[in-house]
Amino acid sequence: MDALDLARWQFGITTIYHFLFVPLTIGLSVIVAALQTAWHRTGRTEYLRATKFFGKLFLINFAMGVVTGIVQEFQFGMNWSAYSTFVGDVFGAPLAMEALLAFFLESTFLGLWIFGWDRLSRRVHLATIWAAAIGSNLSAYFILAANAWMRHPVGFTVDPVTRRARLTDIGAVLTNPQAWSTYLHVVSAAFVIAGLFVVAVSAYKLLHRDRAPHPGEPGMFRKTLRAGLITTVVAGAVVIYSGDHQAKLAAQYEPMKLASAEALWDSENAAGFSLFAVGDPAIGEAGTGQNVFDIQVPYVLSFLATGSPAGEVQGINDLQQRYEAQYGPGDYAPNIPVIYWAFRLMMGLGLAGVVIGVLGLWVTRRGHLPEQRWMYRVAMLGLPAAMVGNIFGWVLTEMGRQPWTVVGELLTAASVSPGVSLGEVAFSLSLFTAIYGALAVVEARLLWRYVKAGPGHVMPYPGDGEREPDAVPAFSY
């Protein structure tokens with residue numbers, strides 16, 4: 001093991017940990033804004049209480065996302081200075097836009113939303129949460145545009161003297177087909193997670209509705225349960241559509257990743273989708289990769305990759321030979337078992353969450369709530385399933401690009417900082433892993449504490465004999 005191995009582990013650990021909070025922030029910001037809009041339009045206090053309750057949970061998650069996100073940018077300079085030197089001119093533009101435009105839009109208006117409850121009019125205060133939500137989603141686009149450039153570099157030239165990438169067309173970077181397609185897929189998956197988060201919290205409170213401090217609380221959580229289920233189902237449909245488009249882009253720009261995700265060793269027409277495969281992943285000088293056992297659904301892979309059941313899909317061995325002729329000797333396939341199973345776990349766990357959303361809408365139709373307690377527990381399991389599926393999707397994206405950091409331009413082995421030792425990376429890896437573990441405990445305890453406390457903690461219910469108002473005056477909330 002050398003510094004490169006540990007640097008990759010550190011980047012993977014910190015990135016995945018950060019990405020636990022990002023999707024929830026993206027989706028929950030819009031859900032909170034929608035709940036406040038419902039209160040603004042109807043004047044019903046239950047929507048205001050739901051806004052403040054889920055807004056509190058949103059803020060806890062947002063704070064943790066900011067803290068863990070800062071480390072991401074420092075890593076580029078500490079562990080990946082050779083990579084930073086090569087891509088700095090290109091990467092700097094979208095990341096600067098994200099920080100100066102999107103993040104400041106998000107954080108500034110979120111501050112106004114937090115402290116403006118009794119200082120701004122209802123309409124202006126509502127605008128602040130929508131501005132923060134727009135900033136959050138806009139921030140994701142700039143970051144994903146930078147990431148997409150690594151998988152499909154466009155709008156640049158390589159300086160023949162310095163050997164650095166030089167930005168020539170920022171428009172090409174921001175309109176990269178990989179960028180907008182990835183954005184649609186990632187953000188829709190974020191809304192699936194946010195929807196299932198609302199579902200899980202609502203299901204927990206409904207499971208224990210006999211302990212509710214106020215008779216109106218179960219009614220509020222039934223509404224938020226339905227809202228979360230609808231969000232999950234609609235976003236899930238977009239995930240499926242965008243995932244299909246991502247497969248076609250992968251066939252065009254990242255054929256090795258697609259072939260590895262399917263353990264497709266030789267190019268095929270009318271290729272089938274692999275359900276379960278066991279094989280020998282050794283390629284190149286070590287041997288020729290092949291499957292010894294493979295269960296397939298005929299024609300499906302060709303349709304996903306090309307739009308035609310008879311289309312040709314390129315295989316790992318053929319791509320390896322082509323890349324060796326183009327770039328020189330080397331292993332140009334990623335870790336095939338990891339990519340293969342990450343793809344299936346991403347799809348399986350993500351679809352499980354969407355199925356829970358569909359079934360949940362059916363059993364809660366016409367104002368009904370299920371009496372069976374196990375149904376609420378199943379609804380709560382949808383959240384961890386979708387979050388784990390989302391993590392495997394990120395593993396597929398990042399590891400599927402290997403052995404490149406910038407496809408066709410810069411190898412990962414050439415990207416690590418030359419002056420960083422194994423001991424230094426081991427120390428920072430251990431330190432950050434320990435700190436992140438402690439932060440995970442803090443996050444979980446805070447969320448659990450406020451979920452158990454319920455909406456009465458952020459907006460107390462009226463005392464005995466008092467009637468709760470249907471509307472709240474503009475400067476009294």
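Where is the place of Ala-263? Ala-263 sits in the loop between helix 8 and strand 3 (268–269), and point 6 returns to that residue.

1. A word on the model. This is a predicted model, in which local features need pLDDT of at least 70, side-chain atom pairs count only at pLDDT 80 or more, and totals for chains, interfaces and linings use all residues. Residues are numbered from 1 along each chain as its sequence is written, and side-chain values use heavy atoms, with hydrogens and water left out.

2. Overall build. The protein has 13 helices and 8 strands; helices (H or I, at least four residues) and strands (E, at least two) are DSSP runs, numbered from the N terminus. Its radius of gyration is 24 Å, close to the 23 Å that the globule rule gives for 477 residues, so the protein is as compact as a globular protein of that length. That radius is taken over C-alpha atoms, and the rule is 2.2 Å times the number of residues to the power 0.38. Along the principal axes, the C-alpha trace spans about 80 × 50 × 40 Å.

3. The largest pocket. It has a volume of about 1,500 Å³. A pocket here is an open set of points on a 1 Å grid over the protein atoms alone, where a 1.4 Å probe fits, with protein on both sides within 12 Å along at least five of seven lines; lining residues have an atom within 4 Å of a point. Grid points are joined across faces, edges and corners, and a volume is the space filled by probe spheres set on the points. The lining counts 47 residues, and Phe-11, Thr-15, His-18, Gln-72 and Trp-394 lie nearest the centre. Helix 1 gives the largest share, 13 residues. By class, the lining has 27 nonpolar, 13 polar and 7 charged residues (Ala, Val, Leu, Ile, Met, Phe, Trp, Tyr, Cys and Pro count as nonpolar, Asp, Glu, Lys and Arg as charged, and the others, Gly among them, as polar).

4. The second largest pocket. Its volume is about 980 Å³. Its lining holds 38 residues, with His-185, Gly-243, Phe-343, Met-346 and Met-347 nearest its centre. Here helix 7 supplies the largest share, 8 residues. The lining divides into 22 nonpolar, 11 polar and 5 charged residues.

5. Val-71. This residue lies in helix 2. Val-71 is buried, with a relative accessible area of 11%; buried means under 20%, exposed over 50%, and partly exposed in between (1.4 Å probe, protein chains only). Leaving aside residues up to four places away in sequence, Val-71 touches Thr-14, Phe-432 and Tyr-436, where contact means heavy atoms within 4.5 Å.

6. Backbone spots to look at. Most residues other than glycine have a negative phi, and most peptide bonds are trans. Ala-263 has a phi near 50 degrees, a positive value, and counts as buried at 7% relative accessibility. Ala-270, in the loop between strand 3 and strand 4 (273–280), also has a positive phi, near 55 degrees, but is partly exposed at 28% relative accessible area. The peptide bond from Gln-402 to Pro-403 is cis, with omega near 15 degrees; Pro-403 lies in the loop between helix 12 and strand 7 (404–406).
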